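Trainee: Hi! Could you walk me through this one?
Mentor: Happy to, let's take a look together.

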Amino acid sequence: LFAVLVALYEEPEKPNSALDFLKHHLGASAPENPEIEALRLEVAEMKEKYEAVLEENKKLKTKVTLY
């Protein structure tokens, strides 16, 4: 435990969660839930769709202002 705490102290980029850092270095981290990964993929897809809709919205606003 002491060695892991020293590693955390010496880490140049501090992690967001010290507890997760400790779990990872002690080998106690649980495997990722498949549902979580599916949700992450869905969020990424939704972000892409959102960006596309924003771009389309800009183009349509430009067309409307021209007429």
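Trainee: How far apart are the end C-alpha atoms of residues 36-63?
Mentor: They lie 41 Å apart, and the span is 100% helix and 0% strand. Helices here are DSSP runs of H or I with at least four residues, strands are E runs of at least two, and both are numbered from the N terminus. This is a predicted model, where local features need pLDDT of at least 70, side-chain atom pairs need 80 or more, and totals for chains, interfaces and linings use all residues. Residues are numbered from 1 along each chain as its sequence is written, and side-chain values use heavy atoms, leaving out hydrogens and water.

Trainee: Which UniProt annotation covers residues 36-63?
Mentor: The unreviewed UniProt entry calls them a "coiled-coil region". UniProt positions follow the numbering used here, feature names are shortened, and annotations may be inferred rather than shown by experiment.

Trainee: New topic: where is Leu5?
Mentor: Leu5 sits in helix α1, residues 2-10.

Trainee: And why does Leu5 count as partly exposed?
Mentor: Because its relative accessible area is 40%; buried means under 20%, exposed over 50%, and partly exposed in between, with a 1.4 Å probe and protein chains only.

Trainee: What about Ser17, where is that?
Mentor: Ser17 is in the loop between α1 and α2 (18-26). Ser17 is partly exposed too, at 26% relative accessibility.

Trainee: How far is Ser17 from Lys58 in space?
Mentor: They are 39 Å apart, C-alpha to C-alpha, and 41 residues apart in sequence.
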